[in-house]
Amino acid sequence: QVQLVESGGGSVQSGGSLKLSCLASGYTSGSYRMGWFRQAPGKEMGGVAAIDSRGRTGYGDSVKGRFTISRDNTKNSLILTMNSLTPEDTATYYCAASYFFDGYSYTQSLQMSDYKFWGQGTQVTVSS
């Protein structure tokens, strides 16, 4: 099994920055895809950013140029660096991951259905 624990959420003013972390533990060897999703009150969950084990990344249109996804392999952590935050970025942010052991490389994805493991979420609130 795999456990994902997010941290780094909080409150910030518009234009500010935050860095979210997701610590993965358990059976996390093999190739992977990992991603960040978010859900605002009354809205559907959507993909924010994703990365795969070859370092390929993908971003939702609304965060391109502002958010950066990265992975700290030494700490087995996924990082989301968020800059130029706006109130529209207010949401609960979830870390997600899938791991593969068949020897194939799987590309990054912003589709929820492509992920098997999910964290509990961390709240990000941006005030104007």
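User: What sort of model is it, and how are residues numbered?
Analyst: This is a predicted model, in which local features need pLDDT of at least 70, side-chain atom pairs count only at pLDDT 80 or more, and totals for chains, interfaces and linings use all residues. Residues are numbered from 1 along each chain as its sequence is written, and side-chain values use heavy atoms, with hydrogens and water left out.

User: What is the strand order in the open sheet of 4 strands?
Analyst: The order is β1-β3-β8-β7, with antiparallel pairing. Strands are DSSP runs of E with at least two residues, numbered from the N terminus, and two strands pair if DSSP finds at least two bridges between them.

User: Which strands are at the edges?
Analyst: They are β1 (2-7) and β7 (67-72), each of which pairs on one side only. The strand β7 pairs with β8 (residues 77-82) over 6 bridges in the antiparallel sense. Within this pairing, Ser70 has Ile79 of β8 as its bridge partner.

User: Now Lys19. Is Lys19 buried or exposed?
Analyst: Lys19 counts as exposed because its relative accessibility is 52%; exposed means over 50% relative accessible area, buried under 20% and partly exposed in between, with a 1.4 Å probe and protein chains only. Lys19 belongs to strand β3 (residues 18-26).

User: What is Lys19 in contact with, beyond its neighbours within four places in sequence?
Analyst: Lys19 is in contact (heavy atoms within 4.5 Å) with Ser7, Gly8, Ile79, Leu80 and Thr81.

User: And where is Ser31 found?
Analyst: Ser31 is in strand β4 (residues 31-39). Its relative accessibility is 14%, so Ser31 counts as buried. The side chain of Ser31 reaches the backbone oxygen of Tyr104 at 3.0 Å.

User: Switching topic, how many salt bridges does the structure hold?
Analyst: The structure holds 4 salt bridges, each being a side-chain nitrogen of Lys or Arg within 4 Å of a carboxyl oxygen of Asp or Glu. One of them joins Arg38 and Asp89, with the closest N and O atoms 2.9 Å apart. This pair links distant parts of the chain, as Arg38 lies in β4 and Asp89 in the loop between β8 and β9 (91-100), 51 residues apart.

User: Are Arg38 and Asp89 buried or exposed?
Analyst: Both Arg38 and Asp89 are buried.

User: What about Asp52 and Arg56?
Analyst: Their side chains meet in a salt bridge at 2.7 Å, N to O. Asp52 counts as buried because its relative accessibility is 0%, whereas Arg56, at 34%, counts as partly exposed.

Terms used
A polar contact is a pair of N or O atoms within 3.5 Å; within protein, one must be able to donate a hydrogen and the other to accept it, and residues adjacent in sequence count only if both atoms are side-chain atoms.
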